[in-house]
Amino acid sequence: MPVESGVSMIHRQDNQSGLYNMGIPQIGMAGEFIIKPGWTLGPRSLPEYELVYFPKGSKTKYEVFDRTYLLNESCFIITRPSEEHLYIFDQTQPTRHLFIH
């Protein structure tokens, strides 16, 4: 299991409130994880937008459209629906990130 520690909160879309039908963005999942060194997530694609926050720079890499980005500073990553992407987490230290999609 790649997660050293983490708390995840899940909120499912409420189809009965009418908000879903109005086109208002809904949260499918949100959480925080600390990933063990050297773990890889993907390649994968999601049916919705994903916003990921890395509060501290590391040697983690994000790959999308055959481009690789080194996340060596605090940053946000926005991935669009159906974009195939990959995270290669820092090989030497745990990596904390927060996400919502």
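User: What should I know about the model before I start?
Analyst: It is a predicted model, in which local features need pLDDT of at least 70 and side-chain atom pairs count only at pLDDT 80 or more, while totals for chains, interfaces and linings use all residues. Residues are numbered from 1 along each chain as its sequence is written, and side-chain values use heavy atoms, with hydrogens and water left out.

User: How many helices and strands does the protein chain have?
Analyst: The protein chain has 0 helices and 9 strands, where helices (H or I, at least four residues) and strands (E, at least two) are DSSP runs numbered from the N terminus.

User: Which strands make up the open sheet, and in what order?
Analyst: The open sheet has 4 strands in the order β3-β8-β5-β6, and their pairing is antiparallel; two strands pair if DSSP finds at least two bridges between them. The edge strands, β3 (40–44) and β6 (67–70), each pair on one side only.

User: How many bridges join β3 to β8?
Analyst: There are 3 bridges between β3 and β8 (residues 85–88), and these strands run antiparallel. R44 has H85 in β8 as its bridge partner.

User: Switching to β9, which residues are on its covered face?
Analyst: In β9 (residues 95–100), the covered face holds T95, H97 and F99, whereas R96, L98 and I100 form the uncovered one.

User: And what does β9 pair with?
Analyst: Strand β2 (residues 30–35) pairs with β9 in the antiparallel sense over 6 bridges, and I34 stands opposite R96 there. Strand β4 (residues 50–54) also pairs with β9 in the antiparallel sense, over 3 bridges, with L98 as the bridge partner of Y53.

User: Which residues make the nonpolar surface patch?
Analyst: I27, Y49, L51, F76, I78 and I100 make a patch of about 580 Å². Patches are made of residues with over 30% relative accessible area and no salt bridge, with like charges joined within 9 Å and nonpolar side chains (Val, Leu, Ile, Met, Phe, Trp, Tyr) within 5 Å. A salt bridge here is a side-chain nitrogen of Lys or Arg within 4 Å of a carboxyl oxygen of Asp or Glu, and accessible areas come from the Shrake-Rupley method with a 1.4 Å probe, where for residues only the protein chains shown count as cover.

User: Is F76 buried or exposed?
Analyst: F76, which lies in strand β7 (residues 75–79), is exposed, with a relative accessible area of 55%. Buried means under 20% relative accessible area, exposed over 50%, and partly exposed in between (1.4 Å probe, protein chains only).

User: How much of the protein chain is buried?
Analyst: Buried residues make up 26% of its 101 residues.
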